[in-house]
Amino acid sequence: LFAFAQTVIDPTRNARVVCPNPFYQIYEGAAILAGATPVYGQPESWEGVQLAYACSPANPSGRVMPLEEWRALFELSDRYGFIIASDECYSEIYFDTPPLGALEAARKLGRSYDRLVVFSSLSKRSNAPGMRSGFVAGDAALIAKFLLYRTYHGSAMSLSVQRASIAAWKDEAHVRENRRLYAEKFRAVLPLIRSPLETRMPDGAFYLWVRTPIDDAEFARRLYAQQNVLVLPGSFLARTVGGANPGARHVRIALVASLEECLEAARRIMRFAQSL
Ligand SMILES: Cc1ncc(COP(=O)(O)O)c(C=O)c1O
């Protein structure tokens, strides 16, 4: 996701890169280091936009982009000529039906894959974030440029990581088991968190995006001090636009520990929230 921006941005033309807001912060760093200006959320004008990141299911909200949003984004891309980088690393963490992907959306809408590239990863489906292993698919001309760039920046994968990746991609049983475990954790944790706080079941991914009755950083600090539970303040995952930070008054809770630990943490969060 980072390297791709370095490949496609032309910084001599006042480049702008659109990121969702809140968002995974690599998009912002990628834009800045490529010599572009990041734009957070829906821009007022798409003039000068060279690249737009999408994230579905989204970190941190767990929201899946519906077909109509893809249609609108594709139309903008066709009009203004920008590239869409669709971050789909949570695509295999879902609860009933697999989420719509960008390539699937393009196909359903009878559109080509021009200016569209999707990024997948082993890190969530196989619990292997340290491997930094995934695949990229979509517009062949863009992928050819990206491949050339990768040969120069020297991030070729070691043979051991390649072999482990092949084993992980070949096996679906552990991915199904992973999904079952997340579903079990959400079933157990959601009613506890929901009783004092406002949240909803995500469409995908493994986060609860929870409204906080007090400032989110304050909530996270006091929860850690009083209950030894770590959550991420939502305002740290977003940027202020027009005087408002869309992550404010939210925290992201990741259900990545064991069922027992998640349940214990949920009980502590519940106790803490009730004390506010
Ligand atoms: C939205 C999003 N994209 C990408 C990544 C990184 O994936 P990888 O571990 O494959 O580099 C993460 C990891 O947290 C993420 O949340």
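Before anything else, one definition: buried means under 20% relative accessible area, exposed means over 50%, and partly exposed is in between, using a 1.4 Å probe and protein chains only. Also, this is a predicted model, so local features need pLDDT of at least 70 and side-chain atom pairs count only at pLDDT 80 or more, while totals for chains, interfaces and linings use all residues. Residues are numbered from 1 along each chain as its sequence is written, and side-chain values use heavy atoms, with hydrogens and water left out.

Okay, salt bridges. Side chains of opposite charge can pair when their charged atoms come close. The rule here is a side-chain nitrogen of Lys or Arg within 4 Å of a carboxyl oxygen of Asp or Glu, and the count comes to 17.

Take Glu 218 and Arg 221, which form one with the closest N and O atoms 3.6 Å apart. They sit three residues apart in helix α9 (residues 216–227), so about one helical turn separates them. Helices, by the way, are DSSP runs of H or I with at least four residues, strands are runs of E with at least two, and both are numbered from the N terminus. Glu 218 is partly exposed at 28% relative accessibility, whereas Arg 221 counts as exposed at 53%.

In helix α8 (residues 173–194), Glu 177 and Arg 180 are also three residues apart, and their salt bridge has its closest N and O atoms at 2.8 Å. Glu 177 is partly exposed at 36%, and so is Arg 180 at 43%.

Now, which element gives the largest share of the lining of the largest pocket? That's α6, with five residues. A pocket, on a 1 Å grid over the protein atoms alone, is an open set of points where a 1.4 Å probe fits, with protein on both sides within 12 Å along at least five of seven lines; lining residues have an atom within 4 Å of a point. The volume of the largest one is about 1200 Å³, meaning the space filled by probe spheres set on the points, which are joined across faces, edges and corners. It has 34 lining residues, and those closest to the centre are Leu 1, Ser 120, Arg 132, Ser 133 and Gly 134.

The second largest pocket holds about 580 Å³. Its lining has 25 residues, with Pro 20, Asn 21, Arg 63, Met 65 and Glu 69 nearest the centre. The elements giving two or more residues to that lining are β1 (16–19), β3 (49–55) and α3 (67–80).
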